Amino acid sequence: MEKIVSRHFGQKNSHRLENYLKDNGYEAARKALTQMTGAQVIDEVKKSNLRGLGGAGFPTGTKWSFIPQANPKPKYLVINADEGEPGTFKDKYILEQDPHALLEGIIITCYAIGSHKAYIYIRGEYIKSLEIVQAAIDEAYKGKYLGKGIMGTGFDIDVVVHPGAGAYICGEETALLESLEGKKGFPRLKPPFPAVVGLFGCPTVINNVETIACVPPIINKGAEWYAKLGNEKNGGNRLFCISGHVVKPGVYELPNGTTLREIIYDHAGGIPNGRKLKAVIPGGISAPILTPDQIDVKMDFDSLKSIGSMAGSGGIIVMDDTTDMVWAAMIAARFFALESCGQCSPCREGSGWVYRNVKRLNEGHARPHDLNNLPGIVNNIGGNTICAFGDAVTMSVGSYVSKFRSEFEAKIQERVCQI
Amino acid sequence: MFTAEYLQELDKITNKYEQKRAALLPLLHRVQEKEGLITPETEKNIAEYLGIPVVHVHEVVSFYHLFHQNKIGKCHFAVCQTTACALRGAEEIIGYIQERLKIKHHETTPDGKFSLSVVECLGACELAPMMQCNKEYKGFLDKKKIDELIEKYS
C-alpha cells in the first residue's frame, strides 16, 4: 500500500525544509498557484471524496465551497490541531514529523478559498509540536514559501501558530474560534456556520491537520487517484490510532475500507497475554462502543454510521476480557463531566449527574433506582445542547449501558445481596 | 505595570493578530512561563494592556487547565487518567505517585519540589500509561520510572 500522509514518518529530520524539498516539496502548491484557479482546486478536492478527518467526516471540498466569494470581508483558514479526543494521537505525528506537508496544504487551501491568513491552533500540551511547527514556519518564510509573493507568484499568505491552554471543548470548531479570539471556549449556535460568520465575524474554513495534509498529494496526483484508494464516498487512506489492550499500539495509515478486525489483529498484533476481545471504541471516546461481533465493519464514515457508531477521529481503543465495563463507563462519564464547558444546563448538570450515578454503580453503592434512572438522564442531554458534546455524552455513555446492561445489573445485585 | 521592554515582547505577540484580544492565550502563556503563575496583579496588567475588563482575563485564566493561579512544583506531574491510559494501569501509577510524594491532585509538596495534576487525554495513548512531566511526555510508566523521575528532581 502506498503511504500518503505518513510517507515521511520515521525519516531522520523529516520536519526540516531541506528534506521536504527533496520529495517534491511545495510542488503541489506551485502547481495550484500557477496552473489552476481557486475554483478548480476546490473542484479537484470535491472529486477526491476527501472527508474531514477530525471527527465529523464532512466532505472537505463542499465545506470550502460554502465560503461566499462575493463577501468583501477577509477570509480565514483555521487548522484544528487541538487533538483532544481520547484515543487520538495522529495529528501529533504530522505536526512533529511533517509540518511542511501541513504548510503546503495550507497554502493550497488558502489559495482555493481566497484567504491570505491561516492560524494553526495547537493544543497547549503539545509543546514539541508548537516548537517544531513554529520552526517550520520560520524556515518557510525564509525560503519564500510563506509571506509576500510566495514562490515567485503574486500570492501573499501569512501563517500564525496559536497555542491552546487545556480544554477539550476547544476541539469543537466554534469553541476553537472563541478561544482563538481570546475568550472561554464556549461553542456558538449554528447557523450561522463558520463559512459565513467565523473568525472575527469573517468567512472561515476550519479543517483538521490530517485533512489539510492530504491536499498536496491530491493536487499532485489527482482526485481520481485519491478517490479510488478508498470507498465510494470516502476517498483515500486514513491515519488510524490504536491503543488500549493491543500488542502494538500506534498510528497506522490504511485505506478507508479496512476492517476493524484487520486493524486490531493484522496490524496491531492482536490482544496480549492470550486474552480475548471484549469491547472496542472505534473512533474516539465519543463513538458508541462496539462488541466483538461487530468488528468486521469497514472503518469508513458511512459503514460505521450504518451500525450505529462513528468513524470519528480514528481513535481505536481496545478492551480485553479483564475489563469491567461499568468501570469503563465511569471513566468515560468522568471525562465528559470534567470537560463540559458549562454553557448549557442539560450538559453541565447532566454530565455530572451521569458521572455520579455511574460512579455509585461502579463502586457498588448504587441505589436500586440508579440504574433505572440512568438512561433517562443520559438520553436527555443529547439533542438539547448548543454543540455535539452533549450528543457525545448520550451516545458514548449510553452505549455502555445498552450493550453491557447485564454488568450494570450485576453490580446492583451485589449490593442487594450485601444488605 | 509592565516595563517598556516587556511591553515590546508582548507587542511582538499581539501584532500577529487582527484583533488585540485574540492574543490573550499566548500572552498568558508567555507571562506564566516567566513568572510561574498568573496573579490577580498580572490579570489587571494584561487587561489594561489589551483594553478589556479584568473579569474577561480572569474568566479565561480560570477556564483553561494549563493556567495556574498557584505556584506549581519545580517538577509538575500531569498524569492522564482517561480510557487508554486507565486500561493500562493509570490508576496504579497515580496511586503510587500520591503515596510516594504524599500529595493529591492539585497539590504541591511543602518543599515546592513536586506538584500533581490528574488530567484527561494528552494525545499520547500509544505510550500508555503516560504523563506530562513539565514540558515532556513520559510514557510506558511503571513504579521504577516514577522512582527515577522523583530521584531526578529531588
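Trainee: Which strand order does the open sheet in chain B have?
Mentor: The order is β2-β3-β1-β4-β5, five strands with mixed pairing. Keep in mind that this is a predicted model.

Trainee: Which are the edge strands?
Mentor: β2 (107-108) and β5 (136-138) of chain B. Each pairs on one side only.

Trainee: And β1 with β4 of chain B, parallel or antiparallel?
Mentor: Antiparallel, over three bridges. β1 covers residues 75-80 of chain B, and β4 covers residues 131-133. For a landmark, find A78(B): Q132(B) in β4(B) stands opposite.

Trainee: What holds paired strands together in general?
Mentor: Backbone hydrogen bonds, whether the strands run parallel or antiparallel.

Trainee: Which strands does helix α6 of chain B lie across?
Mentor: β1 and β3 (114-119) of chain B. Helix α6 spans residues 90-101 and runs at about 155° to β1(B).

Trainee: Zooming out, what domains does chain B have?
Mentor: The assignment gives domain 1 (4-63) and domain 2 (75-153). Their C-alpha centres lie 29 Å apart.

Trainee: Switching to chain A. How many helices and strands?
Mentor: Chain A has 18 helices and eight strands. Its radius of gyration is 22 Å, close to the 22 Å from the globule rule for 419 residues, so chain A is as compact as a globular protein of that length.

Trainee: What does the C-alpha trace of chain A span along its principal axes?
Mentor: About 80 × 45 × 35 Å.

Trainee: How much of chain A counts as buried?
Mentor: 58% of its 419 residues. As for contacts in chain A between residues at least 6 apart in sequence, 71% join residues at least 24 apart.

Note on methods. Residues numbered from 1 in each chain as written. Chains lettered and ligands numbered in written order. Predicted model: local features only at pLDDT ≥ 70, side-chain atom pairs only at ≥ 80, totals over all residues. Helix = DSSP H or I, 4+ residues; strand = E, 2+ residues; numbered from the N terminus. Rg over C-alpha atoms; globule rule 2.2 N^0.38 Å. Buried ≥ 20, exposed ≤ 12 C-beta atoms within 10 Å, placed from the backbone. Contact = placed C-beta atoms within 7 Å. Domains from an automatic or database assignment. Pairing = 2+ DSSP bridges. Axes fitted to C-alpha atoms, helices over the stretch in contact; angles between N-to-C directions.
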